[in-house]
Amino acid sequence: MFKYNCLNAISEAGLKSLSSDFVKTDDVNEAEAILVRSAAMHDMEFSDNLLAVARAGAGVNNIPLDKCAEKGIVVFNTPGANANGVKELVIAAMILTSRNLIAANGWVNENKDDENIGKTMEKAKSKFAGREVKGKKLGVIGLGAIGVLVANAASSLGMEVIGCDPFLSVQNALNLSRKVKLVKERDEVFRTCDYITVHVPLLDDTKEMINADTISMMKDGVIILNFARDLLVKEDAVIEGLASGKIAGYATDFPSVKLANTKGVVAFPHLGASTTESEDNCAVMAAAEITDYLENGNIRNSVNFPACDMGVCSQAGRIAVLHKNVPNIISGLTTVFGQSGINIDKMMNQSRGEYAYSIIDIDKAGAKDIADEIATKEGILKVRVIK
């Protein structure tokens, strides 16, 4: 029986997908798994019982990843589970901005008590003339789960789409429409596109990638969309670009006081994943990740340990070892098995940065004694007997 705790309200769709081997507890200190959305965890003290944290969403800024890794706590997220919700918001924002619909709706609200609004609007509507997206060029920087969906949707609207992602995965490449042209450099997107949307993680290479220099490369009247991370864009440079007319519109899911008071900005209160479907999808995916890890020892979509999957154990026993990625750990593990007279039937080891993970299947009983011995070795973070 596994105990889990929810730091935030988690969709019932996800909780119901957990097997009868999982029971909810209100005491976080006795939980072996935590499900979380936005709750801040940096100041939390983690009990030795805790094995996994699953973030029902993509961003993990609220979780202390290194602290968890040092305690042998695997942190999962749910990449792609909310991709469709974000895609729909990006496409909606692009059209809202392109057609000046937010300002037009504002005029209606301001004049809602005008008995002659039907006549006055004919004179007013010229101020809100926009442009159609069909036939225009959209640049998509970052072709992960969301970027691919945005690129494909824009292509189906009749846009000419170019994408840029030096780390494009095989799976995402297969999912990408053949109509989307791939380019190697972001500068080509900046120079040639009427609309630019960013869908990349926040890294040293991507921080403030939209700035005064890159904006100067862009076409006059460009529309920029940022529904990925606020710090991908240098706010003051965008505000200056809007004031000069270089930028025709900026749509974002990350409002600030400055942006909220800038003409030409269409901002939303971080609504990308705020749909019932996205919340359900994220919760179901998070539940599946912690289930597979706790029951089988498999790691999928971890952000602090490597992926490692040996399927369901069909042997006499399985031992899972979280450890530092340093020399001689693996030889030390195999030595323990050899000295115990137990044969390793199958073994998998994967590493990621400073940390590594090993799963070992054995052909006869005795896993607990071996696990206790392994736990005493230097560089071992946590050892579990799965079966």
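Does Glu208, at 29% relative accessibility, count as buried, exposed or partly exposed? At 29% relative accessibility, Glu208 counts as partly exposed, where buried stands for under 20% relative accessible area, exposed for over 50% and partly exposed for what lies in between, computed with a 1.4 Å probe on protein chains only. The structure is a predicted model, in which local features need pLDDT of at least 70 and side-chain atom pairs count only at pLDDT 80 or more, whereas totals for chains, interfaces and linings use all residues. Residues are numbered from 1 along each chain as its sequence is written, and side-chain values use heavy atoms, with hydrogens and water left out.

The protein chain has 14 helices and 16 strands, these being DSSP runs numbered from the N terminus, with H or I and at least four residues for helices and E and at least two for strands. Along the principal axes, the C-alpha atoms of the protein chain fill a box of roughly 90 × 45 × 35 Å, and 48% of the 387 residues count as buried. Of the contacts in the protein chain with a separation of 6 or more, 62% are accounted for by residues 24 or more positions apart, a contact being defined by heavy atoms within 4.5 Å.

Helix α13 (residues 329-340) has 12 residues and reaches 17 Å from its first C-alpha to its last, close to the 16 Å expected at 1.5 Å a residue, the expected span being 1.5 Å times one less than the number of residues. The buried residues of α13 are Ile329, Leu333, Val336 and Phe337. Seen down the axis of α13, these buried residues fall within an arc of 95°, so they line one face of the helix; the arc is that of the directions from the helix axis to the C-beta atoms. On the other side of α13, Gly338 and Gln339 are exposed. The packing partners of the buried residues of α13 are β13 (317-324), β14 (344-352), β15 (355-362), α14 (367-374) and β16 (380-385). Just after α13, a positive phi of about 75° is found at Gly341.

In α14, the buried residues are Ala367, Ile370, Ala371 and Ile374. They cover an arc of only 100° around the axis, which puts them on the same side of α14, while the face turned away from the buried side carries the exposed residues Lys368 and Asp369. The buried residues of α14 pack against β13, α13, β15 and β16.

The two helices α13 and α14 pack at an angle of about 135°, with their axes 10 Å apart; axes are lines fitted to C-alpha atoms, for helices over the stretch in contact, and angles run from 0 to 180 degrees between N-to-C directions. The helices α13 and α14 are therefore oblique to each other, given that angles under 35 degrees count as roughly parallel, over 145 as roughly antiparallel, 65 to 115 as roughly perpendicular and the rest as oblique. The contact is made by Leu333, Val336, Phe337 and Ser340 of α13 and by Ile370, Glu373 and Ile374 of α14.

A further helix pair is formed by α3 (residues 83-98) and α6 (residues 145-156), whose axes come within 9 Å and cross at roughly 45°. That makes α3 oblique to α6, and α3 passes α6 in a right-handed crossing. On the α3 side, the contact is made by Ala83, Asn84, Val86, Lys87, Val90 and Ile91, and on the α6 side by Ala145, Ile146, Leu149, Val150, Ala153 and Ala154. Asn82 lies in the loop between β5 (74-76) and α3 and is buried, with a relative accessible area of 9%. Leaving aside its neighbours within four places in sequence, Asn82 is in contact with Ile146, Ala273, Ser278 and Cys282.

Several other loop residues complete the description. Most residues other than glycine have a negative phi. Asn100, although not a glycine, has a positive phi of about 60°; Asn100 lies in the loop between α3 and α4 (101-110) and is partly exposed, with a relative accessible area of 26%. Glu208, likewise not a glycine, has a positive phi of about 50° and is found in the loop between β9 and α9. Lys184, in the loop between β8 (181-183) and α8 (186-192), is exposed, with a relative accessible area of 77%.

Definitions and conventions:
A crossing is left-handed if the near helix is turned anticlockwise from the far one by less than a right angle, and right-handed if clockwise.
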